[in-house]
Amino acid sequence: MISQFFVLSQRGDNIVFRDYRGEVPKGSAEIFFRKVKFWKEDDGHEEAPPVFNVDGVNYFHVKVVGLLFVATTRVNVSPSLVLELLQRIARVIKDYLGVLNEDSFRRNFVLVYELLDEVIDFGYVQTTSTEMLKSYVFNEPIVIDPARLQPPNPAAIFMHGSKRMPGTAVTKSVVATEPGGKKREEIFVDIIEKISITFSSSGYILMSEIDGTIQMKSYLTGNPEIKLALNEDLSIGRGGGSAYGDYRSSTGSGAVVLDDCNFHESVRLDSFDSDRTLSLVPPDGEFPVMNYRMTQEFKPPFRINALIEEAGALKAEVILKLYAEFPSSVTANTIAIQMPLPNYTSRVSFELEAGATGQRTDFKEATKRLEWGLKKIVGGSEHTLRAKLTFSHEPHTNITKEAGPVSMTFTIPMYNASKLQVKYLQIAKKSSNYNPYRWVSTLPFDPLGWHPSRSISVSCALLCQQKSPIASFSFVFAATI
C-alpha cells in the first residue's frame, strides 16, 4: 500500500497531490524534490535512484516526459510493484488526456483526481484498466489543441499506402469525442525495441540483445476481433528448443529468432504456432500485445570510436568518430552525443570536420560534460569531432578511466533492427462499409511509448579503441529511433 501520490514538474511544482492515509508529513513533496535535485552533491552519484528512504519514508518515483510520478509509504512494500503502479497510472492518465504534459494536467485536474480516486482507495490499488474505469469516471477531458504541442519528429509520420497518419493521432484521448460527435475509427500498432550491444576494442560484437514490445492503441468502437500476423519464418527459442510456453515445434532456424516472449492476457494463441497469427479483442487504451527478447546477431545502426590521448602538460585530446552503418536511402535526425569528462577539466575547445553544417558543440562546466549535436546524418556517412581539453591540475590516474560513458540519442524513421514485422492487420467487419484506418509502424523508448513521436529507445554499450596502453573503456549510447 502507498500513503501518498503526487506529480511534480521539472521545476518542482506540485501539479497533483493525493494523501490517502495521512501517515507521511505534508511537506514530503518538497523533501523529495530537494533530495533528487541535489542528489549528486549529497551522495556523489549522477541521479537519484528510483527508490530511496529519507527519515523513515520510502520514496518511489519514475520520470515520464519530464514529469515526476512519486509515491510514498512508511511500510516495506515491493519496489517493483510500486514502480509498475506508477507507470500504469501514467499510462491510464495518458489514455484519458491524450497527451502527458503539465498543461494537460492543469486543464484536467478534476478528471485526474477522479481517476486517482478510482485507481487507489486508502492506499490500495483497485484497478489500472482504462476499459474498467470507463464505468466509473464520467468527466470529459479538455483536449489540448494540437497547435500547442511541439511538432512531431519524422519518426511520428507512419506511412500506409497513400495515407499519412495525422500528426495529432497519437495525442488523442480514448474517451473524448471528435468534433461533430463522430468518432474516427482507427488503430495504431508500434514495434518498440531497446537494443544493447557490446563491442570489443577491435570493433567486433561481443554481446547483442534486443528487448522489444508490440504496442497497440485502439480507437475502434464495438471491440471487434483483430488478427495480427507476424513473420512466417519467426522462431521461438534457439538451438532447436522452445524458450516460451509449449511452442516445441519452433526449431530456431528462421530468419528472426526470438529467445522468449510473452503476450497480453487478451491475446489468443490458437494459430500462432502454425502461422504466427495473433487473435485478440483489444481493450481500450494503450497496451503491449507482445513482449520479446532476442540475442540473434544483427547489424547496429551506428558505430562510435573514441580516442583519448594526452597532448602535453595539463592537456588532452578527445576524438569521437561516428559511423552511420545503415543504407544511404535512410536518414537519421536529431542526433545528440554526450560524454562525461574528468572532474578537473576546466576548458574545452572544439574542432569540427571541414564543411560541417547543422552541428553544434558545447561544454557544460557544471556537470563536466561534452555535448555534440548533429541535425541529420545520411546512411553510410562518417563524422568526426575533436575536443581539446585543458585541466586545472595534473591527472593522478589515467584519464581514460575518468572519461565516459558516452551516451547518444537519435531518430531514424522506419528502421527496425530485429526485422520483426507485422505482415497484416485484419479487423473483423461489422458491416460492408466498415473500413477503419490502420497505422502500423515498425521501428527499432521509450519502452512505455510516452513520446508523442511514438519513438523507440535503443541503448548500446561499446568498447572503443584508444592509443592508451590501458584496456579499452566502455561507454553506453541510448538511442531514440
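Analyst: A polar contact is a pair of N or O atoms within 3.5 Å, where one atom must be able to donate a hydrogen and the other to accept it. Keep in mind throughout that this is a predicted model.

User: Where does R276 sit, and which backbone oxygen lies 2.9 Å from a polar atom of its side chain?

Analyst: R276 is found in the loop between α7 (272-275) and β17 (277-280), and a polar atom of its side chain lies 2.9 Å from the backbone oxygen of L234. Buried means under 20% relative accessible area, so R276, at 6%, counts as buried.

User: Which side chain does D117 contact, and is D117 buried, partly exposed or exposed?

Analyst: D117, which is found in helix α5 (residues 109-119), is joined to the side chain of R18 by a polar contact of 3.1 Å. Because its relative accessibility is 38%, D117 counts as partly exposed. Sequence separation and spatial separation should be read apart here: D117 and Y20 are 97 residues apart in sequence and 9.2 Å apart in space, C-alpha to C-alpha.

User: How should I read a nonpolar core, and which residues touch the most other members of the largest one?

Analyst: In soluble globular proteins, nonpolar side chains tend to be buried together. In this model the largest nonpolar core has 67 residues, and I214, F302 and L322 touch the most other members. Apart from it lies another core, of 37 residues, which includes F5, V77, L86 and L111.

User: What should I look for in a strand such as β5, and which strands pair with it?

Analyst: Strands of a sheet pair through backbone hydrogen bonds, either parallel or antiparallel. Strand β1 (residues 4-8) pairs with β5 in the antiparallel sense over five bridges, with L8 opposite L68, while strand β4 (residues 57-64) runs antiparallel to β5 and is joined to it by seven bridges, with V62 opposite F69. β4 and β5 form a hairpin with two residues between them, and V65 in that turn has a positive phi of about 40°.

User: What is the strand order in the open sheet of four strands, and which strands stand at its edges?

Analyst: The order is β23-β24-β21-β26, with antiparallel pairing. β23 (359-364) and β26 (407-411) stand at the edges, each with a single partner strand, so one side of each has no neighbour in the sheet. From one strand to the next, the twist averages 15°. Between β23 and β24 (residues 369-378) there are six bridges, and Q359 stands opposite L374 in β24.

User: How many aromatic pairs does the structure hold, and what is the geometry of F32 and F52?

Analyst: There are twelve aromatic pairs. F32 and F52 are stacked, at 5.9 Å centre to centre with 5° between the planes, and they link helix α1 (residues 28-37) to strand β3 (residues 51-54). F32 is buried, with a relative accessible area of 0%, and F52, at 7%, is buried as well. By contrast, Y344 and F391 form an edge-to-face pair, at 5.0 Å centre to centre with 80° between the planes, and both of these residues are buried. F32 and F52 also belong to one aromatic cluster together with F6, F17, W39 and Y59.

Key: Residues numbered from 1 in each chain as written. Predicted model: local features only at pLDDT ≥ 70, side-chain atom pairs only at ≥ 80, totals over all residues. Heavy atoms only, no water. Buried < 20%, exposed > 50% of the residue type's maximum accessible area, 1.4 Å probe, protein only. Core = buried A, V, L, I, M, F, W, Y, C linked by side-chain atoms within 4.5 Å. Pairing = 2+ DSSP bridges. Axes fitted to C-alpha atoms, helices over the stretch in contact; angles between N-to-C directions. Phe/Tyr/Trp six-rings, centres within 6.5 Å; stacked < 30°, edge-to-face > 60°.
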